[in-house]
Amino acid sequence: MKHLLLAAFFCATTTLGFAQEKERKSPHVNVENKDIKVVYGQPSKKGRVIFGTLEPWGKVWRTGADEATEITFKKDVVFGGKSVKAGTYTLFSIPDQKKWTVILNSKLGQWGAYDYEKIKGQDVASVQVPRETLKAPVEKLTFTLPGNAVVFEWDDTKVSVPVK
């Protein structure tokens, strides 16, 4: 009987250990207005040069930390000029010195952007928007949702995607 209980305990603890999420290294933030919700890991600058160094120009980025950022539209929208149905999407971006590409993808539950090449066929929208250079750096990646845009700022960069 002892062996049976010991085996059951071992199986239960092993299963729980494997079922745990990957360890999060950044706080997770929810930003929401009446029509849009963004859930993202919030990395900090910590004295680093972010864009062009930590996050290379021209390479797909999860637009946050840990799990890829997810955005939910509670109704159909026009995102950067592209029609998008109500629903939840993974938000990726491709940093560039002048224009950023912001991507909505239907594959949820992504850890980072490591598998983006495998799922890019599930892109729902891809829009290019200008990069704005900020006068003062922003320490933590911050999303805001003014009534007509999805905006994120980090380090010396601000990106705004119009939403109607």
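Which side chains meet in a salt bridge at 2.6 Å, N to O? Those of K74 and E32. The points below put that pair in context.

1. Basis. This is a predicted model: local features need pLDDT of at least 70, side-chain atom pairs count only at pLDDT 80 or more, and totals for chains, interfaces and linings use all residues. Side-chain values use heavy atoms, with hydrogens and water left out, and residues are numbered from 1 along each chain as its sequence is written.

2. The sheet. Seven strands make an open sheet, ordered β1-β2-β3-β6-β7-β8-β9, with antiparallel pairing. The edges are β1 (28-32) and β9 (149-162); each has a single partner strand, so one side of each lacks a neighbour in the sheet. On average, neighbouring strands are turned by 30 degrees against each other, direction ignored. Strands are DSSP runs (E, at least two residues), numbered from the N terminus. Two strands pair if DSSP finds at least two bridges between them. Axes are lines fitted to C-alpha atoms, and angles run from 0 to 180 degrees between N-to-C directions.

3. One pairing in detail. β6 (residues 87-94) and β7 (residues 99-105) pair in the antiparallel sense over five bridges. I94 stands opposite T101 in β7.

4. Salt bridges. The count is eight, where a salt bridge is a side-chain nitrogen of Lys or Arg within 4 Å of a carboxyl oxygen of Asp or Glu. Side chains of opposite charge can pair when their charged atoms come close.

5. K74 and E32. This salt bridge spans 2.6 Å, N to O. It links distant parts of the chain: K74 is in the loop between β3 (65-73) and β4 (77-79), E32 in strand β1, 42 residues apart. K74 is partly exposed at 41% relative accessibility. E32 is partly exposed too, at 49%. (Buried means under 20% relative accessible area, exposed over 50%, partly exposed in between; 1.4 Å probe, protein chains only.)

6. D35 and K75. Their closest N and O atoms are 3.8 Å apart. D35 is partly exposed at 22%; K75 is partly exposed at 44%. K34, D35 and K75 are linked in a network of salt bridges.

7. K45 and D155. These side chains meet in a salt bridge at 2.8 Å, N to O. K45 lies in the loop between β2 and β3 and D155 in strand β9, so the pair ties together parts 110 residues apart in sequence. Both K45 and D155 are buried.

Terms used: Helices (H or I, at least four residues) and strands (E, at least two) are DSSP runs, numbered from the N terminus.
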